[in-house]
Amino acid sequence: MVDGKVRGSIVCTASISASYGVTTGTDYSMSKHAVLGLMRSASVQLAKYGIRVNSVSPNGLATPLTEKLLDADAKTVEEIFSKFSMLKGVVLRTNHVADAVLFLASNDSDFVTGLDLRVDGNYITSDAVI
């Protein structure tokens with residue numbers, strides 16, 4: 001993009017686990033912290049070329065991978081992850097994450113760079129606080 005003098009947008013996929021400590025999955029959390037660091041540094045380094053760099057950090061959602069990891073069907077996985085969202089009445093699905101990515105890649109976010117857009121329904125670490 002720099003060599004071709006192309007303005008544009010780079011959107012990375014991080015995770016809400018990069019914003020919180022975790023009790024398990026330290027390697028996953030560390031890798032997502034690295035994504036945030038890369039995004040933040042790249043957003044500073046590439047801004048002078050008109051290249052925006054942002055990230056999207058979703059809460060957990062039902063995907064083939066999470067279904068396999070949890071040995072559960074999509075509905076059960078959604079129920080599990082819904083406990084960690086304060087926002088009720090809607091379940092996080094892949095289309096919500098895709099919409100966030102589309103926003104960051106579009107001209108609607110032309111003056112947005114260095115942002116980690118959390119698509120998490122106001123993530124909480126325990127449903128006991130609701």
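**Rings in a predicted chain**

Biologist: Let's start with F84: what is its relative accessible area?

Modeller: The relative accessible area of F84 is 27%, so the residue is partly exposed, where under 20% would be buried, over 50% exposed and anything in between partly exposed, using a 1.4 Å probe and protein chains only. This is a predicted model, in which local features need pLDDT of at least 70 and side-chain atom pairs pLDDT 80 or more, while totals for chains, interfaces and linings use all residues. Residues are numbered from 1 along each chain as its sequence is written, and side-chain values use heavy atoms, leaving out hydrogens and water.

Biologist: How many helices and strands are there in the chain?

Modeller: The chain has four helices and three strands, counting DSSP runs of H or I with at least four residues and of E with at least two, numbered from the N terminus. Along the sequence their order is β-α-β-α-α-α-β.

Biologist: Back to rings, then: how many aromatic pairs are there?

Modeller: There are two aromatic pairs, where rings of Phe, Tyr and Trp (its six-membered ring) must have centres within 6.5 Å, and planes under 30 degrees apart count as stacked, over 60 as edge-to-face and the rest as tilted. In one of them, Y20 and Y123 have ring centres 4.7 Å apart and planes at 50°, so this pair is tilted.

Biologist: Which parts of the chain does that pair tie together?

Modeller: Y20 sits in the loop between β1 (8–13) and α1 (26–46), whereas Y123 belongs to the segment after β3 (116–119), so the pair joins parts that are 103 residues apart in sequence. Y20 counts as partly exposed at 25% relative accessibility, while Y123, at 18%, is buried.

Biologist: And what about F84 and Y123?

Modeller: F84 and Y123 form a stacked aromatic pair, with 6.4 Å from centre to centre and 25° between the planes. This pair also links distant parts of the chain, since F84 lies in the loop between α3 (74–82) and α4 (94–105) and Y123 in the segment after β3, 39 residues apart.

Biologist: New topic: what share of the residues in the chain is buried?

Modeller: Of the 130 residues in the chain, 32% are buried.

Biologist: What about contacts between residues at least 6 apart in sequence?

Modeller: Of those contacts, 67% join residues at least 24 apart, a contact being heavy atoms within 4.5 Å.

Biologist: Finally, what box do the C-alpha atoms fill?

Modeller: Taken along the principal axes, the box is roughly 50 × 30 × 30 Å.
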